[in-house]
Amino acid sequence: MSSRPEPRLTPELLLHGYAQGVFPMAESRDDPEIFWVDPRHRGVLPLDGLRISRSLARRMRRGGFEIAVNRDFTGVLSGCADRSETWINAEIFDLYTALHRMGFAHSVEVRHDGQLTGGIYGVTLGAAFFGESMFSRRTDASKLAMAWLVDRLRLGGFALFDAQFLTPHLASLGFEEVPRARYRTALTAALERRGDFDAPGAPAPAQEVLQRNAQTS
């Protein structure tokens with residue numbers, strides 16, 4: 001008797017997983033298997049706690065770059081996967097592209113002289129944003145994307161920014177590590193609310209972003 005095939009991971013199942021507090025990964029770009037991850041501790045950002053360094057604030061004021069949203073989602077996804085080791089395999093790439101078409105996955109992009117130089121992408125559900133990955137091809141490009149993303153989340157009434165794992169880089173930006181139970185409580189509360197990723201006034205001018213994120217170190 002033949003065994004029943006494993007159910008294929010769909011965009012809808014992916015969203016259900018996020019709502020339950022888990023997210024998918026692959027071991028590598030070439031590994032076709034996808035598994036669910038449920039960390040004991042999660043990296044989250046209090047949305048009033050982003051730390052903008054003085055050097056980044058100077059770069060923001062100086063300008064010379066362009067911020068855009070959802071203009072080139074696949075370009076950001078490709079930029080995040082363009083590294084020697086990545087958990088973004090072909091199926092994950094296709095799934096998040098589908099979520100983007102459905103309006104659940106978004107990207108914030110940074111361009112210099114018209115060229116995509118950095119960005120960040122993630123998934124929205126209710127008033128929760130699940131950050132997936134970011135990349136830089138120029139100094140501070142991903143930090144610029146982060147600053148404008150957080151400002152957009154604040155303007156849109158979001159309550160949770162989940163970065164999955166805390167890294168030293170994210171900790172320097174103000175992210176904190178919280179235990180699974182505390183994360184699940186915050187997630188439940190965020191899913192009961194509605195965030196607006198397309199909130200009026202975003203992307204905002206650099207000075208407004210700096211004023212609303214006043215924790216400059």
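The exercises below, each with a worked solution, concern a predicted model of a protein.

**Exercise 1.** Work out how the radius of gyration of the protein stands against the value for a compact globule of 217 residues.

*Solution.* Begin with the expectation, which is that a compact globule with 217 residues would have a radius of gyration near 17 Å. Next, take the value for the protein, which is 17 Å, and conclude that it agrees with the expectation.

**Exercise 2.** Locate Arg 62 in its helix, decide whether it is buried or exposed, and name the patch of charge to which it belongs.

*Solution.* Start with the position: Arg 62 lies in helix α2, which covers residues 54-62. Then turn to its relative accessible area, which is 57%; since exposed means over 50%, Arg 62 is exposed. Finally, look at the surface, where Arg 62 gathers with Arg 54, Arg 58 and Arg 61 in a patch of positive charge.

**Exercise 3.** Determine where Glu 85 is placed, whether it is buried or exposed, and what separates its C-alpha atom from that of Pro 11.

*Solution.* First, find Glu 85 in the loop between α3 (73-81) and α4 (90-102). Second, because its relative accessibility is 69% and the cut-off for exposed is over 50%, Glu 85 counts as exposed. Third, compare sequence with space: Glu 85 and Pro 11 are 74 residues apart along the chain, and their C-alpha atoms are separated by 24 Å.

How values were computed:
Residues are numbered from 1 along each chain as its sequence is written. This is a predicted model: local features need pLDDT of at least 70, side-chain atom pairs count only at pLDDT 80 or more; totals for chains, interfaces and linings use all residues. Side-chain values use heavy atoms; hydrogens and water are left out. Patches are made of residues with over 30% relative accessible area and no salt bridge: like charges are joined within 9 Å, nonpolar side chains (Val, Leu, Ile, Met, Phe, Trp, Tyr) within 5 Å. Accessible areas come from the Shrake-Rupley method with a 1.4 Å probe; for residues, only the protein chains shown count as cover. A salt bridge is a side-chain nitrogen of Lys or Arg within 4 Å of a carboxyl oxygen of Asp or Glu. Lys and Arg count as positive and Asp and Glu as negative; His and the chain ends are not counted. The place of a charge is taken as NZ of Lys, CZ of Arg, CG of Asp or CD of Glu. Helices (H or I, at least four residues) and strands (E, at least two) are DSSP runs, numbered from the N terminus. Buried means under 20% relative accessible area, exposed over 50%, partly exposed in between (1.4 Å probe, protein chains only). The radius of gyration is taken over C-alpha atoms; the globule rule is 2.2 Å times the number of residues to the power 0.38.
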